[in-house]
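This report describes the architecture of a protein chain. Please consult the sequence and the coordinates shown below while reading.

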Amino acid sequence: MFDCREEVLALTKQLVRIESIVNEGGEKVVSQAIHTLISSYPYFQEHTDNVIYQPTEDDDQERYNVIAFVKGTKSPSNKTVILMGHVDTVGIDDFQLKEYALDPDALAQALHNEELPPAVRADLESGEYEFGRGVLDMKSGVSSHLYLLKYYSEHPEEMEGNLLVVFECDEEDGSHGIISSLTELKNLRDTHGFEYVAAINADFVSPRYNGDPNRYIYKGTVGKLLPSFFITGSETHVGSCFEGIDPNFIAAHLTRQISYNPSLCNEALGETTVPPVSLKQMDLKPTYTVQTALSAYVYFNFFIHSWSPKEVLELLKVEAATAFATALHEFKTHYQAFTQASGEPMNEILWEPRVMTYEEMDEHLVDEHGEAYIQHMDEFKGQLMLQTELDTRMFAARVVEEAWKWMPDKNPAIIVFYSSLYSPRIELSGKTEHERNLLDALEIAVETVQPHYQHPIVTKNFFPYISDMSFVAISDDEVGISAVSANNPGWGTKHYVNYQAIRDINVPVINIGPYGHDAHKQYERMERSFTLDIVPNLTNQVIIELIG
């Protein structure tokens with residue numbers, strides 16, 4: 001067991017003090033600091049080509065990954081273990097003590113004088129927790145990797161293979177860091193003959209429920225989609241509201257149908273995702289008028305363990321049709337009650353539930369209008385790209401809105417599509433030799449380290465949060481992935497991911513990361529004993545089993 005607590009803690013504090021809030025320029029500063037630190041190690045002064053300062057690709061900001069590797073000398077081997085972690089953080093606007101958010105020592109001292117929730121007070125008084133933005137997510141995990149990189153740079157004779165680290169500059173926004181690193185990982189593989197046998201991420205872990213005593217290690221990761229819905233109604237003056245149907249009314253039924261729906265939880269390997277939940281619900285009406293909106297827009301977080309993006313679209317078409325039918329039934333019921341109360345005659349309702357994917361609508365419009373439609377939409381997307389304030393989600397919505405104008409049948413409808421990044425799911429089931437070797441190594445590592453720690457160290461199959469693990473391996477087939485590109489209206493313009501590059505690397509990945517509470521919140525804190533003692537030793541034991 002390494003006695004590494006003080007060194008990893010010092011590195012953690014050093015990194016936390018560097019502001020690296022995503023999309024605010026600090027990512028470049030922290031990458032420069034890490035590159036300078038690694039370059040100061042004697043091994044990398046002698047092997048200068050083994051530390052790389054890599055600019056991100058297809059990024060509208062200047063940001064850099066730091067990639068470094070040590071070649072073992074114990075005996076010749078191309079086997080290579082990847083350690084990975086992101087160095088950006090979320091913002092600090094939620095901190096009441098904002099001036100201390102990046103200074104763990106000063107923050108802890110200031111917190112003693114604050115009124116705190118009981119659990120936070122208990123952790124503070126225990127002396128077992130370190131507070132500060134990024135201390136948990138995930139600069140302490142990065143510090144563990146830095147410690148191991150330095151150790152093996154001083155002891156390459158202990159490895160029958162190679163240790164490579166990737167410190168990514170952006171995970172919190174769009175995973176530009178790890179996606180860009182795939183190019184360099186492929187170049188290094190081709191140049192040095194590296195055989196990537198395993199990857200170890202160091203993102204944070206937390207209790208799964210109140211009173212949970214376990215500390216978790218994750219094999220593979222949840223996948224994340226952002227299914228989105230463009231909803232059209234039939235506009236009318238609000239004084240004649242039953243002469244049309246408000247798309248917000250349909251959207252409300254859609255949200256009720258999908259949000260928190262347990263039938264949309266995905267079980268695999270004995271573990272179940274949380275259900276989808278709405279992340280936005282709005283109409284696309286630009287200004288106030290007394291006319292009902294022309295269209296509405298809703299999107300949901302959607303986690304998956306085994307379903308493909310194609311299967312999710314098919315499931316959600318059914319849910320959308322159910323919500324649409326429910327909305328129309330309720331509309332008719334309300335209309336009937338109103339006519340009975342008012343004495344006015346009731347007009348026949350001819351609308352029927354109509355749901356299609358963006359791909360289906362787009363193919364229909366190509367068939368209907370041909371080159372004129374294709375050229376118009378290409379020009380529209382080009383003009384829309386000039387509106388830099390539009391994120392990928394609103395960009396996609398505007399494309400669907402424009403395409404809808406070409407539909408000959410303007411009766412109410414729901415268009416289902418994807419409007420943002422798909423973070424692929426990863427199942428680590430032992431189907432390949434590399435997967436079996438990694439799973440065996442992890443089991444031995446837990447058995448070796450557990451006696452040195454008081455809480456149970458438990459392995460689970462799916463990391464439950466979004467992480468960069470999704471971009472070094474892929475479990476979906478080509479058909480499942482093609483549903484993402486074919487149904488994202490911004491694909492190839494506002495948004496693009498080279499999923500083939502992920503498939504080219506396709507290394508089994510696990511997560512051994514710092515433990516704590518309240519990541520992304522003002523009381524973010526990590527437990528010192530697990531984070532500073534256990535995480536580096538667990539990670540090292542896996543390295544030993546694979547290439548030691």
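Predicted model: local features only at pLDDT ≥ 70, side-chain atom pairs only at ≥ 80, totals over all residues.

## The eight-stranded sheet

An open sheet of 8 strands is arranged in the order E1-E2-E5-E3-E6-E17-E7-E16, and its pairing is mixed. Strand E1 (51-55) and strand E16 (457-460) form the edges, each pairing on one side only. On average, neighbouring strands of this sheet are turned by 20 degrees against each other, direction ignored. Within the sheet, strand E6 (residues 195-201) and strand E17 (residues 509-511) are joined by 3 bridges in the parallel sense; Ala199 stands opposite Val509 of E17.

Helix H6 (residues 135-154) packs on this sheet and touches strand E2 (64-71), strand E3 (79-86), E5 and E6. The direction of H6 makes about 150 degrees with that of E3. Helix H16 (residues 528-547) lies across E3, E5, E6, strand E7 (215-219) and E16, and runs at about 155 degrees to E3.

## The three-stranded sheet

A further open sheet has 3 strands in the order E4-E19-E18, with antiparallel pairing. Strand E4 (129-131) and strand E18 (516-517) each have a single partner strand, so one side of each is left without a neighbour in the sheet. E4 and strand E19 (residues 525-527) run antiparallel and are joined by 3 bridges. The bridge partner of Glu130 in E19 is Met526.

Helix H16 also packs on this sheet, where it touches E4 and E19. The direction of H16 makes about 60 degrees with that of E19.

Strand E9 (residues 227-232) is mostly covered, with 6 of its 6 residues buried. In a regular strand, side chains alternate between the two faces of the sheet. In E9, Pro227, Phe229 and Ile231 point one way, while Ser228, Phe230 and Thr232 point the other way; all are buried.

E9 pairs with strand E15 (residues 413-418) in the antiparallel sense over 6 bridges, and Pro227 stands opposite Tyr418 in E15. E9 also pairs with strand E13 (residues 295-304), again in the antiparallel sense, over 5 bridges. Phe229 stands opposite Val298 in E13.

## Nonpolar cores

The largest nonpolar core comprises 148 residues, of which Ile34, Ile38, Leu164 and Phe229 touch the most other members. Apart from this core lies another of 26 residues, among them Tyr297, Leu390, Val400 and Ala403. Nonpolar side chains tend to be buried together in soluble globular proteins.

Leu164 has contacts beyond its neighbours within four places in sequence, including Ile67, Phe69, Val81, Leu83, Leu185, Phe194 and Tyr196.

Ile304 lies in strand E13 and has a relative accessible area of 0%, so it counts as buried. Residues touched by Ile304, not counting those up to four places away in sequence, include Val222, Leu225, Asn266, Thr273, Tyr422 and Arg425.

Glu171 is located in the loop between strand E5 (162-168) and helix H7 (176-192). Glu171 is buried yet has no salt bridge, and the nearest side chain of opposite charge, Arg63, is 10 Å away. Leaving aside neighbours within four places in sequence, Glu171 is in contact with His86, Asp88, Asp203, Ile466, Ser467 and Asp468.

## Salt bridges

The structure holds 29 salt bridges. One of them joins Lys150 to Glu7, with the closest N and O atoms 3.5 Å apart. This pair links helix H6, which contains Lys150, to helix H1 (residues 5-16), which contains Glu7, across 143 residues of the chain. Lys150 is partly exposed, at 27% relative accessible area, and Glu7 is likewise partly exposed, at 32%.

Lys13, Arg17, Asp105, Glu130 and Arg528 are linked in a network of salt bridges. In the bridge between Glu130 and Lys13, the N to O distance is 3.8 Å. This pair connects strand E4 with helix H1, its members being 117 residues apart, and both Glu130 and Lys13 are buried. Asp105 forms a salt bridge with Arg17, the closest N and O atoms being 3.4 Å apart. Asp105 lies in helix H4 (residues 104-111) and Arg17 in the loop between H1 and helix H2 (26-40), 88 residues apart. Asp105 is partly exposed at 40% relative accessibility, and Arg17 is partly exposed at 42%.

Methods:
Residues numbered from 1 in each chain as written. Heavy atoms only, no water. Helix = DSSP H or I, 4+ residues; strand = E, 2+ residues; numbered from the N terminus. Buried < 20%, exposed > 50% of the residue type's maximum accessible area, 1.4 Å probe, protein only. Lys, Arg positive; Asp, Glu negative; His and termini not counted. Salt bridge = Lys/Arg side-chain N within 4 Å of Asp/Glu carboxyl O. Contact = heavy atoms within 4.5 Å. Core = buried A, V, L, I, M, F, W, Y, C linked by side-chain atoms within 4.5 Å. Pairing = 2+ DSSP bridges. Axes fitted to C-alpha atoms, helices over the stretch in contact; angles between N-to-C directions.
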